[in-house]
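Hi,

Here is the structure I promised to pass on. Have a look first, and my notes follow below.

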Amino acid sequence: MIILHADANHKALLNKLSKAGHHNIEAYNQSREEILENQHLYDGILIRSRFKIDKTFIDAAPNLKFIARVGAGLESIDVEHALKKGIKLFSAPEGNRNAVGEHFY
């Protein structure tokens, strides 16, 4: 599986995905337009909040099987359209729990 990383993530995530046999493409410095040009190559995308994953983006990715957001919500993703296309959606709602808790100490 070819996975696009549109935003920087923890290296542990890249390492685990690589060990599981996935090919990671790190596109942290590519514009949305540059990513769209190659979106047909990717099976999955990991993103935080750099840009919206809208209908245009989803339709440009015929092989897309999942969108994973390294963050709490899916508000930057056209959820309805993604689900209609059979794309699985993932988020990390508990991902910042420790950091938020530490902030109040």
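Let's start with helix α3 (residues 55-59), which holds both D59 and K55, four residues apart, or about one turn of the helix. (Helices are DSSP runs of H or I with at least four residues, strands are E runs of at least two, and both are numbered from the N terminus.) Bear in mind that this is a predicted model, where local features need pLDDT of at least 70 and side-chain atom pairs count only at pLDDT 80 or more, while totals for chains, interfaces and linings use all residues. Residues are numbered from 1 along each chain as its sequence is written, and side-chain values use heavy atoms, without hydrogens and water.

D59 and K55 form a salt bridge, 2.8 Å from N to O; the term means a side-chain nitrogen of Lys or Arg within 4 Å of a carboxyl oxygen of Asp or Glu. D59 also has a salt bridge to K85, at 3.4 Å. That pair links distant parts of the chain, as K85 sits in the loop between α4 (79-84) and β5 (88-91), 26 residues from D59. Through shared partners, K55, D59 and K85 join into one network.

Now the strands. β3 (residues 44-47) has both faces covered: G44 and L46 on one side, I45 and I47 on the other, are all buried (under 20% relative accessible area; exposed is over 50%, partly exposed in between, with a 1.4 Å probe and protein chains only). β3 runs parallel to β1 (residues 2-5), joined by three bridges, and parallel to β4 (residues 66-69), joined by four. Strands count as paired if DSSP finds at least two bridges between them.

Cheers
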